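I opened this model to look up how its chains meet. My notes follow the structure.

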Amino acid sequence: MQQKKILLILSRAPYGDAHAKEALDVALTAAAFGLPVSLVLTQDAPALLLKSQQPQQIQQKNLASICSALPMYDIENIYIETLAAQIQQITLDQLVLPAEFVNEAGIALMIRNHDVVLRF
Amino acid sequence: MLFSILIYGSAHNSQSAHTAYRFADSALKAGHKIHRIFFYGESVHTASELSAPPRDEQNIHQLWKELAQAHELDLVVCIAAALKRGVMDKAEAKRHEKGSFNSQAPYELSGLGQLSEAAIISDRLITFGA
Amino acid sequence: MTTLHTINKSPSNLALWHSCMAALLPGDTLLIIENGVYAATHTTIAEQLSTLEGINISFLSADVQARGLVVTESNNTSIVDDQQFVNLACQHSKTVSWF
């Protein structure tokens with residue numbers, strides 16, 4: 001059977017609710033199943049990759065640390081939406097791992113080119 | 001067509017579990033098959049049989065249970081999301097040394113891998129979001 | 001390889017609606033469900049929906065009725081029931097849910 005390509009589109013910021021963490025768990029599990037996973041961070045989600053995160057006082061797991069493990073799970077196609085990053089004043093050098101910018105038209109094409117799309 | 005359904009909306013504070021139910025019911029009536037229903041995030045509360053809504057209100061736990069029994073559906077509840085929120089079956093209650101449990105068949109606690117497997121096996125995976 | 005998009009939030013969630021509409025490609029269907037159906041009476045979103053070319057816009061009948069709204073059907077806009085929702089999911093090769 002032809003392998004299905006999965007696209008995960010994340011839209012939520014870390015910590016304020018469980019969505020970002022739950023989405024990362026889906027990404028890691030899908031990758032562990034051998035599925036090719038691409039990740040796009042839109043809206044509030046680019047902040048997930050900021051290496052400056054220190055969530056100890058709010059007793060949460062550092063989501064940047066979880067994100068930094070993504071390449072070990074062969075999740076290397078990681079994109080952040082250009083406009084979302086601009087609005088949040090996020091630059092690539094602030095991130096825990098290499099990511100590429102993608103604009104809205106690029107996201108539309110990515111949706112078309114993947115077999116399964118999950119949004120969180 | 002073989003469908004799987006991911007329910008991600010809150011069981012009692014969002015319409016999504018019921019929209020998903022209507023979708024599943026319609027798909028079955030049209031002769032399609034459903035490989036799996038996967039409850040994730042806040043939707044895991046759907047699996048709690050201790051939910052007791054007023055008689056004249058929708059009972060989402062019961063609706064899914066009856067549909068599952070009528071069509072032998074695979075109702076899988078994400079185990080990590082469920083345990084965290086106090087939704088557990090007898091085996092998990094024992095493992096975690098809890099005095100009671102609130103979930104049983106046809107709801108089944110299992111890992112997120114069941115969602116990946118559903119994505120691989122099914123012709124369509126449709127999400128009903130928060 | 002077209003996509004069935006669903007959106008279930010009211011247009012007051014402008015960022016979500018913006019992202020969703022930007023992700024539509026010709027041949028796709030946008031099925032508007034739950035609180036999303038308030039798009040039918042939202043001045044700016046309704047206007048933007050009517051200008052999308054090559055995109056089918058559908059409103060889920062039960063949700064429109066429940067909220068007492070009126071949807072005007074046109075060339076690219078229709079009202080669908082639950083059974084047609086299933087048909088749309090079959091006709092498109094994948095679904096994306098905006099919520």
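**Chain B against chain C**

I counted 11 residue pairs in polar contact between chain B and chain C, with both residues at pLDDT 80 or more. A polar contact here is a pair of N or O atoms within 3.5 Å; within protein, one must be able to donate a hydrogen and the other to accept it, and residues adjacent in sequence count only if both atoms are side-chain atoms.

I noted the conventions next: this is a predicted model, local features need pLDDT of at least 70, side-chain atom pairs count only at pLDDT 80 or more, and totals for chains, interfaces and linings use all residues. Residues are numbered from 1 along each chain as its sequence is written, chains are lettered from A and ligands numbered from 1 in the order in which they are written, and side-chain values use heavy atoms, with hydrogens and water left out.

I then looked for salt bridges (a side-chain nitrogen of Lys or Arg within 4 Å of a carboxyl oxygen of Asp or Glu). There is one between chain B and chain C: Arg22(B) pairs with Asp82(C), N to O at 2.8 Å.

Which elements of chain B supply at least two residues each to the side that touches chain C? I found helix H1 (16–29) and strand S5 (124–128), both DSSP runs (helices H or I, at least four residues; strands E, at least two; numbered from the N terminus). H1(B) gives the most, seven residues. By class, this side of chain B has 10 nonpolar, seven polar and four charged residues. The classes are nonpolar for Ala, Val, Leu, Ile, Met, Phe, Trp, Tyr, Cys and Pro, charged for Asp, Glu, Lys and Arg, and polar for the others, Gly among them.

For extent, I have 21 residues of chain B in contact (heavy atoms within 4.5 Å) with 20 residues of chain C. The two chains bury about 1600 Å², taken as the accessible area (1.4 Å probe) lost on being put together, summed over both. Carbon and sulfur atoms give 55% of that area. Gln15(B), Arg22(B) and Arg124(B) supply 31% of what chain B buries there, more than any other three residues.

**Chain C against chain A**

The buried area is about 1400 Å², 54% of it on carbon and sulfur atoms. On the chain C side, Leu25(C), Lys94(C) and Phe99(C) lose the most area, together 36% of what that side buries.

The salt bridge count is again one, formed by Arg112(A) and Asp28(C) with the closest N and O atoms 2.8 Å apart.
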